[in-house]
Amino acid sequence: LWMEREPDAAIDWINAHDSGPEFDAGFAAAANLQSFVQDAPATAMDLATRVSDSTLRQQTMRGVFRQWALADLDAARNYAAGCGNTADRKVLEAEIEDLLPDSQP
């Protein structure tokens, strides 16, 4: 509930502490906030990548990234291309392909 009411304060608090599995729900909740997804999708993606549980991480990343790609495909593509984590980059590129199979890179 705090994440929904005061997302910036909640994220500041999370960032001030060591992350780990106990923060996964917070990172996923923050990443999925529509205010971040719509207004700051790169921030939402960065939060999603901080989830340590691989299944929740991938699910969160895909959900956020899909919305971003639908709203601004070029920006989403650029984010995916610049993703330093090869496995994450492949997930994001596959999401674009799944979403828009006829799109050109």
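In helix 3, Asp24, Ala28 and Ala31 meet Leu56, Thr60 and Val64 of helix 6, where contact means heavy atoms within 4.5 Å and helices are DSSP runs of H or I with at least four residues, numbered from the N terminus. The residues of this contact between helix 3 and helix 6 divide into four nonpolar, one polar and one charged; Ala, Val, Leu, Ile, Met, Phe, Trp, Tyr, Cys and Pro count as nonpolar, Asp, Glu, Lys and Arg as charged, and the others, Gly among them, as polar. The model is predicted, so that local features need pLDDT of at least 70 and side-chain atom pairs count only at pLDDT 80 or more, while totals for chains, interfaces and linings use all residues. Residues are numbered from 1 along each chain as its sequence is written, and side-chain values use heavy atoms, with hydrogens and water left out.

The axes of helix 3 and helix 6 lie 10 Å apart and the two helices pack at an angle of about 10°, which makes helix 3 roughly parallel to helix 6. Axes here are lines fitted to C-alpha atoms, for helices over the stretch in contact, and angles run from 0 to 180 degrees between N-to-C directions; those under 35 degrees count as roughly parallel, over 145 as roughly antiparallel, 65 to 115 as roughly perpendicular and the rest as oblique.

Helix 3 (residues 24-31) also approaches helix 5 (residues 41-48), their axes coming within 8 Å and crossing at roughly 160°, and helix 3 is therefore roughly antiparallel to helix 5. This contact is made by Phe27, Ala30 and Ala31 of helix 3 together with Ala44, Leu47 and Ala48 of helix 5, and its residues divide into six nonpolar, no polar and no charged.

Not counting residues up to four places away in sequence, methionine 3 touches Ala10, Ile11, Ile14, Gly26, Ala29, Ala30 and Leu33.

Arginine 57, which lies in helix 6, is buried, with a relative accessible area of 17%; buried means under 20% relative accessible area, exposed over 50% and partly exposed in between, for a 1.4 Å probe and protein chains only. Leaving aside neighbours within four places in sequence, arginine 57 is in contact with Ala48, Thr49, Arg50, Val51, Asn85 and Asp88.
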